[in-house]
Amino acid sequence: MSQLTEPPQRVLSPYAPKLLLNLQCQGQTNNCGPYTTAFVVNTFRDTQLEGSKLAEEMNEIAWRGIFPVIRRLRNSATFPWGMVDVFLRHDLSASWSLFTSVDKLLTMLKAGEILMPVIGTWKPIYAHVMTLIAWDEKEGFGFANTQYPTKEIYWMPALTFTTMWKNTGNLLVRIKKVS
């Protein structure tokens, strides 16, 4: 008598193929924020942003009226509000938040939102942003990852992801609706 087993549960963003097609590789730079921002904007807008040029642009203070927006530390860490600033400039409804639960993350993924969790470690100090495009109960979380030159899903085991995401306070940059 054979046992019936259910197929593994999997969620795939409806935008996964298009996001992977536009993925740019940051190489050995510390520019994951600008490269992620560039390829996401290119996916949903008729633009040809280059991650390296956007990184240089984001090094500069952006003025929004009388208010300065420091989008990143020069040639280093990109702030979540820096990514949001660029998305908003391209008419993408973006925001950032802390303390997002894994359940909420999966709900937003199922709803087709564009999600960019920031993961990290404390020793050594390290942070990285990737675009979440899939979840699988066996393989974990799947990303479009600017660290690699391949245009394939980068899988991270669930425990590794949740631990590294918790290290950043479950920091999330998201685009709510794409029109």
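In which helix does Trp-81 lie? In this predicted model, Trp-81 is part of helix H4, which covers residues 80-89. Its relative accessible area is 35%. Trp-81 is therefore partly exposed, as this class falls between the 20% limit for buried and the 50% limit for exposed residues.

Trp-81 also contributes to a nonpolar surface patch. The patch is made by Trp-81, Trp-96, Leu-98 and Phe-99 and has an area of about 440 Å². Phe-99 is found in the loop between strand S4 (94-97) and helix H5 (102-110). Its relative accessibility is 68%, so Phe-99 counts as exposed. The backbone of Phe-99 has a phi near 65 degrees, a positive value in a residue other than glycine.

A positive phi also occurs at Asn-170, again not a glycine, with a value of about 55 degrees. Asn-170 is placed in the loop between helix H6 (158-166) and strand S10 (172-175). Relative accessibility here is 15%, so Asn-170 counts as buried.

The bond runs from Lys-123 to Pro-124, with omega near -5 degrees. Pro-124 sits in the loop between strand S5 (114-121) and strand S6 (126-129).

Helix packing was examined for H2 and H3. Helix H2 (residues 32-44) packs against helix H3 (residues 51-59) at an angle of about 120 degrees. Their axes are 8 Å apart. The crossing of H2 past H3 is right-handed.

Technical notes. Residues numbered from 1 in each chain as written. Predicted model: local features only at pLDDT ≥ 70, side-chain atom pairs only at ≥ 80, totals over all residues. Heavy atoms only, no water. Patch = residues over 30% accessible without salt bridge, like charges linked within 9 Å, V, L, I, M, F, W, Y side chains within 5 Å. Areas by Shrake-Rupley, 256 points an atom, 1.4 Å probe, with all protein chains shown as cover. Salt bridge = Lys/Arg side-chain N within 4 Å of Asp/Glu carboxyl O. Helix = DSSP H or I, 4+ residues; strand = E, 2+ residues; numbered from the N terminus. Buried < 20%, exposed > 50% of the residue type's maximum accessible area, 1.4 Å probe, protein only. Axes fitted to C-alpha atoms, helices over the stretch in contact; angles between N-to-C directions. Left-handed = near helix turned anticlockwise from the far one by under 90°.
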